[in-house]
Amino acid sequence: MIPSVNPSGSDTRGLLYYLYDTGKYEDHTDPHLVASFDGMSPDPGRDPNATLTDLQRLLDQPVMALAKHARPAKHVWHTSVRADPGDRVLSDEEWSDIARRIVAATGIDPGDGQPGCRWAAVRHADDHIHIVATLVTEDGHRPDDYRSGARAQAEARLIEKELGLREVAPGDGTAAQRPTSAERHKAERQGRERTAREELRETVRRAVAGARSEEEFFDRLAAAGLLIRKRAAPSGDLLGYKVALPDDRNKDGEPVFYPGARLAPDLSLPRIRERWSADAHAEDSPAPGLASRAVPGGPAGARRRAASAAWQAVLVIEDGQDAVAAAHIAAAGEVLDALAKTSAAHTRRELREVAFVFERASRSHVRAERGHDRALRQAARDLVHGGPALGRGEDGATTAMAIDMLFFLITAAGHWHAKKGHAQQAAAARQAAEHLRAAYQAAAAQPLGALYQRGRRLGRPLLNRQTQVLREALPALAERVLDEPGWYALAATLADAEAAGHDPAALLADAAGRRELGTADSVSDVLVWRLRRSADLPADTSDAVPVTATAEAPARRTSGRASRRPEARRGRS
């Protein structure tokens with residue numbers, strides 16, 4: 001249940017007209033009172049003899065009783081109280097009780113014999129009510145409505161528990177504006193999966209992912225098919241922008257434009273510029289003419305680098321300063337947006353949901369210190385410029401690798417938010433992790449299946465040697481790993497690393513030592529991707545030559561990254 005206290009106004013009748021109007025606002029059906037300060041207020045929706053003016057005059061009476069100079073300039077208090085989309089439809093009696101509890105909790109009409117303000121609660125849709133009050137009490141004083149928004153939220157949490165409604169995590173004022181009922185009804189009529197506001201937010205976030213200049217940002221918006229209006233100062237300096245979907249029109253046939261700041265707080269032009277200004281000071285920033293240079297390794301190379309950047313970000317979030325951690329969490333959202341935009345069809349839907357949900361976790365009151373997140377922003381940029389990935393081969397396998405690392409990053413972000421008391425952000429990160437888990441299952445099935453078959457074909461002496469390596473390197477986890485279906489994929493990876501001249505025991509110890517593994521769903525899966533990334537082994541082995549090493553281990557490389565053998569390169573796209 002979401003109470004939303006609006007800024008105070010000065011036109012009681014104008015607000016009532018909006019609440020009762022059914023002609024202009026298609027989502028307004030059967031507007032009527034469900035409660036009022038005295039229980040007897042005139043209801044223009046149900047009483048043919050009552051008018052909006054009657055109700056307005058009754059509510060305004062304590063204000064008008066004051067001397068003109070003593071009347072507050074902004075005397076109209078207004079809040080909506082909206083049920084969650086998954087909640088049952090509440091009765092008028094339940095909404096009446098909710099309204100009374102909200103005005104009491106906020107100090108508008110505290111009850112218990114204390115003088116209160118006059119108010120009325122109007123219902124014009126199944127899922128919400130509006131409460132209108134005038135900010136002068138019956139004895140001519142200002143009500144104690146300080147922090148009424150926070151007090152309404154606290155009361156809503158109690159109401160949710162008592163009525164068995166979905167319990168919404170308390171907010172901190174950094175969430176993007178929710179779609180209105182009118183926007184949702186319009187999307188349903190047009191057969192849209194999401195409202196225009198949500199589609200625009202997603203498109204703008206994708207456009208800003210890894211972008212390094214206004215020119216590049218607006219070029220991406222135009223390429224996505226959005227209508228763009230820029231707002232400039234008399235000097236010509238750009239102040240802001242608005243965007244619209246070409247087919248989203250108002251009743252007059254005009255495009256419905258949304259300013260960036262109304263899509264999300266961090267999508268205003270000044271907030272976006274903070275990312276670019278940090279990039280401009282980066283030592284490794286490319287020259288403007290190189291903005292669209294080819295990405296080494298194509299989509300697969302971009303995904304490998306995203307996995308590496310995600311892994312480093314996990315360590316920063318867990319151990320870094322708050323402002324730096326906040327920057328990495330925000331940049332993680334850019335990586336998710338870019339990955340969703342460029343992934344193959346079988347993972348795209350879940351990855352799109354990951355990015356959509358994690359958007360709420362990408363902001364908090366901890367202001368991000370931009371510049372420290374360059375590696376993640378570069379990873380997002382590489383994903384975009386690397387182009388669409390195939391769902392098979394090295395592209396598909398490195399997608400699974402990147403998702404695996406991003407899962408740990410999103411989980412770390414959720415833990416960080418939880419420690420800070422950011423309830424909504426922590427909940428969003430947990431939800432995003434669940435979608436990421438589903439995307440991983442789709443992405444990893446083929447490459448892990450190929451590795452499993454590769455491991456099953458290992459000779460007994462070689463398999464025994466890898467088993468011994470595992471037991472020596474990870475004695476506490478070895479038996480669990482050996483019981484997992486993914487053990488054969490890990491054994492094949494250890495054999496591939498050994499054949500490439502690496503010390504598999506050292507790789508295992510390093511991979512396990514960087515972060516706790518006991519809570520992973522599949523320890524073997526996590527180790528497979530960590531080892532194949534750190535040893536620079538091909539992620540896809542479906543066409544690779546089987547490992548035929550004898551029981552004698554080859555000479556191992558003790559320093560530097562091993563170069564890939566010719567037969568291993570066949571697996572890369």
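Predicted model: local features only at pLDDT ≥ 70, side-chain atom pairs only at ≥ 80, totals over all residues.

Student: Where does Val63 lie?

Tutor: Val63 lies in helix H2, which covers residues 52-64.

Student: Is Val63 buried or exposed?

Tutor: The cut-off for buried is under 20% relative accessible area. Val63 has a relative accessible area of 3%, so it is buried.

Student: Which strands pair with S3, and in what sense?

Tutor: Strands of a sheet pair through backbone hydrogen bonds, either parallel or antiparallel. Strand S1 (residues 2-5) pairs with S3 in the antiparallel sense over four bridges. Within that pairing, Ile2 stands opposite Arg82 in S3. Strand S5 (residues 128-137) also pairs with S3 in the antiparallel sense, over seven bridges. Here the bridge partner of Thr79 is Ile131 in S5.

Student: What is the strand order in the open sheet of three strands?

Tutor: The order is S6-S7-S8, with antiparallel pairing. Strand S6 (227-232) and strand S8 (258-259) stand at the edges and each has a single partner strand, so one side of each is left without a neighbour in the sheet. Strand S7 (residues 238-244) pairs with S8 over two bridges. Lys242 has Pro259 in S8 as its bridge partner.

Student: Which helix packs on that sheet?

Tutor: Helix H6, residues 196-208, packs on the sheet and touches S7 and S8. The direction of H6 makes about 125° with that of S7.

Student: How do I describe two helices that pack together, such as H12 and H15?

Tutor: Give the angle, the axis separation, the handedness and the residues that meet. Helix H12 (residues 345-358) and helix H15 (residues 423-456) pack at an angle of about 170°, with their axes 8 Å apart. An angle over 145 degrees counts as roughly antiparallel, and H12 and H15 are therefore roughly antiparallel to each other. The crossing of H12 past H15 is left-handed.

Student: Which residues meet there, and of what class are they?

Tutor: From H12, the residues in contact include His346, Glu350, Leu351, Val354 and Phe358. From H15, they include Ala428, Gln431, Ala432, His435, Leu436 and Ala439. By class, the contact of H12 with H15 has 12 nonpolar, four polar and two charged residues.

Student: How many helices and strands does the protein chain have, and what are the dimensions of its box?

Tutor: The chain has 20 helices and eight strands. Taken along the principal axes, its C-alpha atoms fill a box of roughly 100 × 55 × 40 Å. Among contacts between residues at least 6 apart in sequence, 73% join residues at least 24 apart.

How values were computed:
Residues numbered from 1 in each chain as written. Heavy atoms only, no water. Axes fitted to C-alpha atoms, helices over the stretch in contact; angles between N-to-C directions. Parallel < 35°, antiparallel > 145°, perpendicular 65-115°, else oblique. Left-handed = near helix turned anticlockwise from the far one by under 90°. Contact = heavy atoms within 4.5 Å. Nonpolar A, V, L, I, M, F, W, Y, C, P; charged D, E, K, R; others polar. Pairing = 2+ DSSP bridges. Buried < 20%, exposed > 50% of the residue type's maximum accessible area, 1.4 Å probe, protein only.
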